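Work through each task before reading its solution.

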Amino acid sequence: MAIDDGVRAIEDGVQTDFTARMDYGGYLSLDALLSAQQPISDHHDEPLFIVAHQTTELWLKLALHELRAVRTYLDADDVRRARKGLARVKHVFRTITDQWSVLATLTPSEYTEFRGVLGNASGFQSWQYRAVEFVLGNKNARMLKVFESRPEAHGMLAELLDSPTVYDAFLAFLARHGHDVPRSVLDRDVRKAWVEDAALLPVFQRIYEDTTTHWAEYAACEDLVDLEDAVQLWRFRHLRTVQRTIGFRTGTGGSSGVDFLRRALDLTFFPELYTVRTWIGA
């Protein structure tokens, strides 16, 4: 009779010998990943601060990967795959928005005890977040100066500064599919930040007021709005977490802190998609 010792047996087909096989840790490079957390202080809460920001950077890496692909899919008129990519990035930002709740468990007194070891390190210096902003349309050539000491990051941002944005690719897609996108929009200087163009409002009004005819375009517009909402919620949650942790103190990188983050809420990637809502049915 078998003796039940309460321990679940390993199934016969489960691999247990990895002397000559790749295992989970090897595939994910866990030795490198899990050794990347190097606290400078011996404070209990510094690992939380490091892990929260490192995981955000991993998600931003995926977001940038997907947004580059979205741009490529739109260029190829593959709107279905573009929409899938936009949906994935939306969920990435929802995920990193939820992560702020973990970091918000760090109280002001706890953070103050190790904040000094950060020196001038700041999220302002995240080149991946800046890259996401660039590919979505919030371009700023002056930001490249921040990354001059990191040639690879500087090169990536310079390339994105010179490249069309996701919105540029979408507007070109609309033009190829019979919509009256102004030539001035299609030929704009892509190095500049996007500024709302009233000439696009009739284009979007036509799409929104006849969704049956223009369903693919309409659905993609709403995907872009979903994405912008997700980014804005992330920005707002960032602001509130910083405010509850350091109040209105200056940021470690020299920014004004909460005031700087509040001004970011005024930035928009796809302004016409919000303004057109006033026009629909008018």
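Is Asp77 buried or exposed, or partly exposed, and what is its relative accessible area? Asp77 is partly exposed, at a relative accessible area of 34%; buried means under 20%, exposed over 50%, and partly exposed in between (1.4 Å probe, protein chains only).

This is a predicted model in which local features need pLDDT of at least 70 and side-chain atom pairs count only at pLDDT 80 or more, while totals for chains, interfaces and linings use all residues. Residues are numbered from 1 along each chain as its sequence is written, and side-chain values use heavy atoms, with hydrogens and water left out.

**Exercise 1.** Describe the salt bridges of Asp223 and Asp226.

Step 1. Asp223 meets Arg83 at 2.4 Å, N to O. Asp223 belongs to helix H11 and Arg83 to helix H4, so the pair ties together parts 140 residues apart in sequence.

Step 2. Asp223 counts as buried at 12% relative accessibility, whereas Arg83 is partly exposed at 32%.

Step 3. Asp226 forms a salt bridge with Lys90, the closest N and O atoms being 3.8 Å apart. This pair links helix H11 (Asp226) with helix H4 (Lys90), 136 residues apart.

Step 4. Here Asp226 is partly exposed at 29%, and Lys90 is buried at 12%.

**Exercise 2.** Locate Phe170 and list its contacts.

Step 1. Phe170 lies in helix H8 (residues 166-176) and is buried, with a relative accessible area of 2%.

Step 2. Contact means heavy atoms within 4.5 Å. Leaving aside neighbours within four places in sequence, Phe170 is in contact with Leu74, Phe204, Glu217, Ala220, Cys221 and Leu224.

Step 3. A nonpolar core is a set of buried Ala, Val, Leu, Ile, Met, Phe, Trp, Tyr and Cys residues joined through side-chain atoms within 4.5 Å. The largest such core has 67 residues, of which Phe93, Phe170 and Phe204 touch the most other members. Helix H11 (residues 215-246) gives the largest share of this core, 11 residues.

Conventions:
Helix = DSSP H or I, 4+ residues; strand = E, 2+ residues; numbered from the N terminus. Salt bridge = Lys/Arg side-chain N within 4 Å of Asp/Glu carboxyl O.
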